[in-house]
Amino acid sequence: MIYNPFFLYSLLGICLVLSILFVEHNESFYDRPIAEVIEIKQLENAEMADSHNNKDRLFTQKIIAQLRNGEKKGQLIHLTNEYSLSKAYDQEYKEGQKIFVSIAENKEGSTELTGSILDLKRDQYLLFVLWIFIFILLIVGKKQGLFSVLSLAFNATLLSYALDVYLKHPQISLVLICSVAVILFTVVSLLLVNGFNDKTYAAIIATLLGTFSSLLVTYLVIELTSGNGLRYEEIQFITRPYQMVFLAGLFIGSLGAVMDVAITMSSSIFSLYEKNHSIPVKALKHSGLEIGKDIMGTMTNILFFAYISGSIPLLVLYIKNGSPLGFSLNMNLSLELARAMAGGIGIVLTIPIGLYVSIFFVNRKRART
């Protein structure tokens with residue numbers, strides 16, 4: 001059997017233990033020096049305020065850490081860390097944590113290693129969150145949860161490969177690369193989770209038509225308005241056609257919501273048909289539109305909050321530093337609002353598309369029986 005709970009959870013338990021052991025001893029796989037904090041001495045702290053009367057408190061730590069990789073593995077290194085109470089651009093370190101460091105050259109007559117802290121080694125925390133996510137998916141979704149994990153792993157690998165292709169071949173349009181990726185994302189994800197059946201085929205067609213329609217409408221609007229009101233400052237540093245990168249990100253971003261709507265419409269129509277094989281097409285249309293109206297508002301709000309939430313830290317930073325509210329909103333929310341509206345267009349278009357595509361497959365299935 002493909003899905004055997006005992007075998008699966010036993011295998012996952014072994015993988016969990018092995019992965020924890022790996023991340024706890026994987027320093028040799030890193031090129032940068034890694035040190036483990038073994039002793040911390042807290043020094044003085046001082047209060048500070050900026051020109052806008054934003055108050056903060058600065059702290060200083062003297063840290064002794066042991067190098068875990070490289071030529072100087074096992075030696076002690078002495079570090080100084082300054083952090084603020086707000087921890088906006090810095091952080092407090094604790095004993096037992098592993099950190100990336102740079103090693104300074106020894107002064108003449110000194111045998112003590114010194115250096116500076118670059119960043120915290122976070123792979124163990126990411127691994128912990130990943131395993132929680134996987135177990136929740138499996139407990140709730142069981143067999144479908146397993147296929148969802150496989151689908152997610154495939155999509156992440158494919159997206160990484162697509163970006164790698166673009167970086168190596170910048171002459172190829174990123175939108176074209178993402179178009180191919182979107183087709184593969186959709187086909188593999190839906191087939192893995194829902195299997196090979198008419199319901200899945202209807203959802204695949206609806207997803208692709210809805211996503212590409214959303215991209216087309218957004219592209220036409222940007223072309224007709226010359227992109228007025230869109231502030232690309234945050235992505236102009238990539239030294240690539242930033243409008244094309246924005247469209248590609250928008251394309252990928254709207255896919256998830258559109259796919260959710262498409263499979264909801266397809267599943268609903270086929271469930272109605274399976275309960276009553278003689279149900280008229282008119283009743284299917286009416287029920288499908290009612291379902292579409294119910295999910296349209298919630299899915300649009302999900303997209304809106306998902307995109308806008310990422311801009312809240314920068315928005316607060318702008319306002320705290322005296323920027324006018326209108327300027328702060330325009331600088332930080334124009335692209336996010338555009339992404340949310342483009343995704344909303346995709347959602348709204350997918351409802352009738354998914355409805356009529358599903359009815360087409362229902363009628364085809366009815367004709368075969």
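Predicted model: local features only at pLDDT ≥ 70, side-chain atom pairs only at ≥ 80, totals over all residues.
Reader: Which helix gives the most to the nonpolar patch?
Author: The patch lies on the surface and includes Tyr9, Phe128 and Ile139, with about 700 Å² of accessible area for its residues together. Ile139 sits in helix α2. Six residues of the patch come from the helix that gives the most, and that helix is α2 (residues 123-141).

Reader: Is Ile139 buried or exposed?
Author: Exposed means over 50% relative accessible area. Ile139 has 53%, so Ile139 is exposed.

Reader: How many residues apart are Glu27 and Arg68?
Author: Their side chains meet in a salt bridge, at 3.7 Å from N to O. Glu27 is in the loop between α1 and β1, and Arg68 is in the loop between β2 and β3. The pair links distant parts of the chain, and the separation is 41 residues.

Reader: Is Glu27 buried or exposed?
Author: Glu27 belongs to a network of salt bridges with Glu24, Glu36, Arg68 and Lys98. The cut-off for buried is under 20% relative accessible area. Glu27 has 4%, so Glu27 counts as buried.

Reader: Which helix holds Arg364, the partner of Asp198?
Author: Asp198 and Arg364 form a salt bridge with their closest N and O atoms 3.4 Å apart. Asp198 is in helix α5, 166 residues from Arg364, which is in helix α9.

Reader: What separates Glu290 and Lys293 along helix α7?
Author: The two form a salt bridge, with the closest N and O atoms 3.8 Å apart. Because they are three residues apart in helix α7, their separation is about one helical turn.

Terms used
Residues numbered from 1 in each chain as written. Heavy atoms only, no water. Patch = residues over 30% accessible without salt bridge, like charges linked within 9 Å, V, L, I, M, F, W, Y side chains within 5 Å. Areas by Shrake-Rupley, 256 points an atom, 1.4 Å probe, with all protein chains shown as cover. Salt bridge = Lys/Arg side-chain N within 4 Å of Asp/Glu carboxyl O. Helix = DSSP H or I, 4+ residues; strand = E, 2+ residues; numbered from the N terminus. Buried < 20%, exposed > 50% of the residue type's maximum accessible area, 1.4 Å probe, protein only.
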